[in-house]
Amino acid sequence: MAMRPPIPSLALSRRWKIALAVAGILILALIVLTSLTGIFVNWLWFGEVGYRQVYRTVLWTKVILFFVFGLTMAIIIGANLVVAYLLRPPFRPMSPEQQNLERYRVMVEPRKKLVLAGVVGIALLASGLSAQGHWQTWLLWLHGSSFGQVDPQFHRDISFFAWDYPAYRLMLGFGFTAVLFALILSVGVHYLSGAIRLQTPGPKITLAARRHLTVLGFVFVSLKAVAYWLDRYGLVFSSRSKFTGASYTDVHASLQAKTILFSIAIIIAIGLIASMWLRSAILPGIGFAVLLILSILISGIYPAIVQQVSVRPNASSKEKPYIARNIQATRKAYGIETDKQVSYKTYDVTSSPDPAQIVSTNPTIDDIRILDPNRLSSTFTQQQQIRNVYGFAQKLDVDRYATNGVMSDYIVGVRELQASNLAGTQNNWINQHTVYTHGYGFVAAAANTDVTNNKNLYTESNIPPSGPLGLKNPATYYGELLPNYSIVGAQGGAQEYDGSDAAKVTYAGGGGVSLGNFVNRLAFAVNFKQTNFLLNNAVSAKGAKIIFNRDPRQRVQKIAPFLKVDGDPYPIIDSSSGNIVWMVDGYTTISNYPYSERHSLADLTTDSLSTTGKTAGQPNDQINYIRNAVKATVDAYTGKVTLYQWDDKDPVLKAWMSSFPGLVQPKSAMPASVLSHVRYPEDLFEAQRSLLGAYHVDDAVTFYNVGDKWTVPTDPADTQANQPPYYVLASPPSGGSTTAQFQLTSPMIVNSKQNLAAFVSVNSDPGPNYGQITVLKVPTGAVTNGPEQISNILTTNSVITKDLSLFNTAGGGSSVVHGNLLTLPVGSSFLYVEPLYVQAVQGKGSYPTLQRVLVVYGDSIGYAATLANALSDLKPNHSTGETIPSNGGTVPGGGPSTPPTSSSPPSGTSPPPTTPPAVDQKAALAQLNDAFQKLEQANRTGTFNDQAQAQATVLTLLQKYLAKYGPLPSGATTPSSPNPSGTKSR
């Protein structure tokens, strides 16, 4: 019989062992160095912004949690492994099973300390890293105070569910993990040492091993008893029914089941301890089996039977008191309590309102916004970029300023440095990070003026800055578009580009971390993976500093990591300092408010802006409580971050202020020049309007049957996402005042339909009524068109679609850009206003220009080149033969109008003959073709002004031709690429 060849040795040579050891040490050193560098850089940054105590608190909390939980886990597992090894039997009867285990035992025995150290080390790292990720839970548990409210089921203060319950759950989960791993690993050691013999005749486990495992089983069952007791309180977060909170089944079946299981678990735990003195190992097994079976029967099957047999046939009546609890808690948790934060008013809508109700003395009409901040970024860029290195954020903002004693709303944006615009020799590391370091200027346009066709109408503009808003320091070193870092402040000659082709500047603000020593430069070289920090003279020059973490949202989120930050920071001019300042709204949230409806914050705040990336989206965290507790400012020049306590009653913020003393300033510390620009935040409003869709209902039965639910309409310009809310300056929706009020508004539609159900508006002016939500409810049964229906009416109207076809030219050269469709309560109906822009498809310098304004009031439509004319010429809309004016005119303070596109004869008269002499038509067509050729030539070689003039000529001639002769003859040339007017960047 041939002998089996020996198994080749896998042992490594000494040289290979040394090489692998060195490689492992280098990799470990690199990981440690990178981690320590990140900590050091953060330490420097927090010192620069003056909030090092925040970083220190978070860091030490994480370190303490890491070692407390890590060492505890390591001790529990390590101690049980040692005990299992010490309890190994002195004699192991030989059997085939033992012979197979012997080789593994021989292999492990000489390395038992190394194996133990490895297992313990892994347990320490895994548990410590997991625990430090829950630092917020522990700080809230340590510093949280009373809510002053109790839950309706257990009558415990809300703070128990907000702070205590999550901490207890974490500790319980840690205990289960420790015991389970200790049990599994101990069984392995006992089996390997022969204390457990599955195939050997006689006892299958030694008495010592059985007692060891019984103790672990006792601890596990005891923890399970605690879990059953805590599960009782967790029922207030149940999702068994259509709402969050304890339902009928939870209260009348699950609650009793958890209490019974708690008692059974205690009895079984006592039985397990008693079994240690019995010679049989059957009792512990029976105890676990009984607990498992009873858990399934009592906690699973019994409540399911109650739900199916008792509740389902009578759900609305059985669940009524528990739905009422959910409604009350949800309203309180989301800040939408009736008669406190929200007032409801019935709004009787007339289907055919008198257009005479639209008068210029109405503040709503005076301040109708025709500039869409979500569409006009490229317009601002082309008209106010001035230098090629600058740009504007993809979404502009809306704010209000008082000029000449009159309050108006403005579309505003900051002229920021945009690194992607650097070209040629500008695009190297020195220029990117030491020369082109900041933006320059603030641009504002009155929202009811047409700057798209007249760049001279900007209120605040140009380089050097000009305007009445009080801007003194236009330099912007902190913003939304800036590079991730810049080297500034180097002495020995100014080198920072400041918007002027002649002069350069040196940063003199307080922001930035010093690069004056080698250690700092080395740290940043490692952090940014850039050797120029060590080699470039500009970095090592006297006074050189690095500014980074420049985005306003990022700075606030880093300084206050417990906050959710609104997705749309907005810039203001602080008239007291003359600096540009970013306003950032911060939210406190929890997910353990009893009976309050849980939702994903991302789902509540998603709209057409967040889905297209124009605003930052919120994290997909489950919440059931939210407050706009903090308003923060970020100085665009110095980078200084200041947090103000906006909601002084929020217990969540109070807990964080106790955790981080001195971090948040009182509301009274906010300067008046900043307070005047406070506005209601969009993400909070979006969450509240989503909840109001269901929670405006008072009756529990109607709520359960979804009998009066509202939903957010889809954005007519983006049918895949919700319409965002819009800021407007208008009359208060509650009436009784002739003073315009800055509001954040949104229409709501009937569930599964497109009819208007309500109009929601929140007061955004700082003052005693700030944050008061007014809901205008359309009477049930009334059929009022919603935004989607209005959009459909406008886009299917024959006169309007004719112009849309004209603007969306056959050659694909230009396209229609629909502006925001505003919904405004006026008189006895709702006025819908939508600006219509046209933009060239081709050409880097194209941007939207306002061409038409569409308005709908009841069953009347107005359509013209200006808002004033569209409002003054409202006419009834019919299914055929519409009579819609398209005349020229000028909005007060607005830009020049364009000629009409169509004209209809007076009612009751016959139209005059429209067949012109053929020679006149041929001449007009030749003139149009000649103008079009000049436009194409301007697009290829001309300036923006040349293109604008050529485009205006083409549109004028084409509109005159269509009005006089009708559609172009087959084969005629159509304009394909009109490029709107503007200024060419230098």
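Biologist: Which residues does leucine 140 touch, not counting residues up to four places away in sequence?

Modeller: Contact here means heavy atoms within 4.5 Å. By that rule, leucine 140 touches Trp163, Ala655 and Trp656. This is a predicted model, in which local features need pLDDT of at least 70 and side-chain atom pairs count only at pLDDT 80 or more, while totals for chains, interfaces and linings use all residues. Residues are numbered from 1 along each chain as its sequence is written, and side-chain values use heavy atoms, with hydrogens and water left out.

Biologist: Where is the place of leucine 140, and is the residue buried or exposed?

Modeller: Helices (H or I, at least four residues) and strands (E, at least two) are DSSP runs, numbered from the N terminus. Leucine 140 lies in helix α5 (residues 135-143). Buried means under 20% relative accessible area, exposed over 50%, and partly exposed in between, with a 1.4 Å probe and protein chains only. Leucine 140 has a relative accessible area of 11%, so it is buried.

Biologist: How far apart in space are leucine 140 and serine 659?

Modeller: The C-alpha to C-alpha distance is 7.8 Å, although the two residues are 519 residues apart in sequence. Another such pair is valine 63 and glycine 128: they are 65 residues apart along the chain, and their C-alpha atoms are separated by 8.5 Å. Valine 63 belongs to helix α2 (residues 52-86) and is partly exposed, because its relative accessibility is 28%.

Biologist: Which residues touch the most other members of the largest nonpolar core?

Modeller: In soluble globular proteins, nonpolar side chains tend to be buried together. A nonpolar core is a set of buried Ala, Val, Leu, Ile, Met, Phe, Trp, Tyr and Cys residues joined through side-chain atoms within 4.5 Å. The largest one has 198 residues, and Phe442, Leu643 and Leu831 touch the most other members. Helix α6 (residues 158-193) gives the most to this core, with 12 residues. A second, separate core of 26 residues includes Tyr347, Leu806, Val954 and Leu957.

Biologist: What does phenylalanine 442 touch?

Modeller: Leaving out residues up to four places away in sequence, its contacts include Tyr401, Val412, Gly413, Val414, Pro571 and Ile573.

Biologist: In what order do the 3 strands of the open sheet stand?

Modeller: Strands of a sheet pair through backbone hydrogen bonds, either parallel or antiparallel. Two strands pair if DSSP finds at least two bridges between them. Here the order is β3-β4-β7, with antiparallel pairing. The edge strands, β3 (397-403) and β7 (442-446), each pair on one side only. Strand β4 (residues 406-414) is joined to β7 by 5 bridges, and glycine 413 has valine 443 of β7 as its bridge partner.

Biologist: Which way do the residues of strand β15 point?

Modeller: In β15 (residues 570-573), Tyr570 and Ile572 point one way, Pro571 and Ile573 the other way, and all are buried. This strand is joined by 4 bridges to the antiparallel strand β16 (residues 580-590), where tryptophan 582 stands opposite proline 571. The hairpin has 6 residues between the strands, and glycine 578 takes a positive phi near 80°.

Biologist: At what angle do helix α25 and helix α26 pack?

Modeller: Axes are lines fitted to C-alpha atoms, for helices over the stretch in contact, and angles run from 0 to 180 degrees between N-to-C directions. Angles under 35 degrees count as roughly parallel, over 145 as roughly antiparallel, 65 to 115 as roughly perpendicular and the rest as oblique. Helix α25 (residues 787-796) and helix α26 (residues 798-807) pack at about 75°, with their axes 5 Å apart. The two helices are therefore roughly perpendicular. Leu794, Thr795 and Thr796 of α25 meet Ser798, Ile800, Thr801 and Leu804 of α26.

Biologist: Which peptide bond is cis, and what is the phi of tyrosine 595?

Modeller: Most residues other than glycine have a negative phi, and most peptide bonds are trans. The bond from isoleucine 463 to proline 464 is cis, with omega near -5°; proline 464 is in the loop between β7 and β8 (475-476). Tyrosine 595 has a positive phi of about 75° although it is not a glycine. Tyrosine 595 is in the loop between β16 and β17 (599-600) and counts as buried, because its relative accessibility is 0%. Valine 706 also has a positive phi, near 50°, and at 42% relative accessibility it counts as partly exposed.
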